[in-house]
Amino acid sequence: MNATLTPRQPEGSAHAARRAGPRRPEAAAPAARPIGSSGAADEHLVSLLVPNSIEGEQYRALRHQIEQRHKDDGLTVVAISSPTPADGKTTTAINLAGALAQDPQARVLLVDGDLRVPSVSEQLGLGEVAGPGLVEAILDPGRSLDDVVRDLPLFNLSVLPAGRSPSAPYEVLKSPRLGDLFQEARRRFDYILVDTPPIVPVPDCRVISKWVDGFMVVVAAHKTPRRLLQEALNVTEPGKLMGLVFNRDERLLTRAYGYYGYGQQHGRARAAERGRGGAPRSQPCP
Ligand SMILES: Nc1ncnc2c1ncn2[C@@H]1O[C@H](COP(=O)(O)OP(=O)(O)OP(=O)(O)O)[C@@H](O)[C@H]1O
Ligand SMILES: [Mg+2]
């Protein structure tokens, strides 16, 4: 399953700055709105902040494909990764989790599996209250999921933060205890989305792969080098590759707006239908 996302979103977040190093100050970034109980949420979380936007519709189209696989094959645990840093993994994971959680019946867990540069809590504005998370639950078998999962009732969403960054993330992820936690999570949730580190520079996804049903690989339009995408696909378990998510493809956004304009004449619901058919696109895996 491939899909194309075209969220048109302003540049920059504290997290990206941390990964990328110093950069020019941004003058006119719009203020982010709060989601968590402390800090401010990343403005790019359209599925939570502006679910009925054009961008929100595109995540909803992707949600539909996951729901189908859930129904057809029992797909439950989906990892979101990408070849290189800053392709949009975390943004995609949160938006996709938010889109799935729009179904009030769905029980959705978002896991921050990037123990190296965790950013789910930061992007959600959970701040310091994030407290213990996946790392603590792996290292201490006395902790259950209940001890580390945070609920965001307003969004019908549960979040498992990464917790304290360990000195040897790969070793922590290799613990069989991670499998136990995923088993417990599978019993309690319909959908579990796992944000991960990039595939090429670090080996963590190869360990995480053991516990997930599928991988979505995010590709940043005009950024992710083709060679590194190929390398990432080579090391991804072939049976688990669900498809590519093209992030930041402005051409398709323009097309989506075209559909939206048409829809204003013929009714918003019809416009959404047409937008879903035009912007997010299924293509064969490379
Ligand atoms: N479609 C988009 N439009 C505009 N900005 C985006 C988009 N997707 C992501 N971003 C921004 O790009 C930066 C990197 O995104 P994100 O943190 O989701 O990437 P990542 O792949 O998880 O990075 P890392 O490898 O560091 O974990 C963030 O500032 C995010 O807000
Ligand atoms: Mg990330």
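The protein contains 13 helices and eight strands, where helices (H or I, at least four residues) and strands (E, at least two) are DSSP runs numbered from the N terminus. The model is a predicted one, in which local features need pLDDT of at least 70 and side-chain atom pairs count only at pLDDT 80 or more, while totals for chains, interfaces and linings use all residues. Residues are numbered from 1 along each chain as its sequence is written, and chains are lettered from A and ligands numbered from 1 in the order in which they are written.

Of the 286 residues in the protein, 44% are buried. Here a residue counts as buried if 20 or more other C-beta atoms lie within 10 Å of its own, as exposed if 12 or fewer do, and as partly exposed in between, with C-beta atoms placed from the backbone.

Five of its five residues are buried, so S3 is largely enclosed by the rest of the structure. Val108, Leu110 and Asp112 point one way from the strand, and Leu109 and Val111 the other way. S3 runs parallel to strand S5 (residues 157-160), to which four bridges join it, and also parallel to strand S6 (residues 191-195), with five bridges; two strands pair if DSSP finds at least two bridges between them. Leu110 stands opposite Val159 in S5, and its bridge partner in S6 is Leu193.

Helix H4 (residues 89-100) tells a similar story. Twelve of its twelve residues are buried, so H4 too is largely enclosed by the rest of the structure. Its end C-alpha atoms are 16 Å apart, which agrees with the 16 Å that twelve residues should span at 1.5 Å a residue (the expected span is 1.5 Å times one less than the number of residues).

A nonpolar core is a set of buried Ala, Val, Leu, Ile, Met, Phe, Trp, Tyr and Cys residues joined through C-beta atoms within 7 Å. The largest has 63 residues, and among those with the most contacts inside it are Leu96, Ala97, Val108 and Leu110. H4 gives this core its largest share, six residues. Beyond its neighbours within four places in sequence, Val108 is in contact (C-beta atoms within 7 Å) with residues including Ala97, Leu100, Leu157 and Tyr191.

His222 is exposed, with 8 other C-beta atoms within 10 Å.

Methods:
Contact = placed C-beta atoms within 7 Å.
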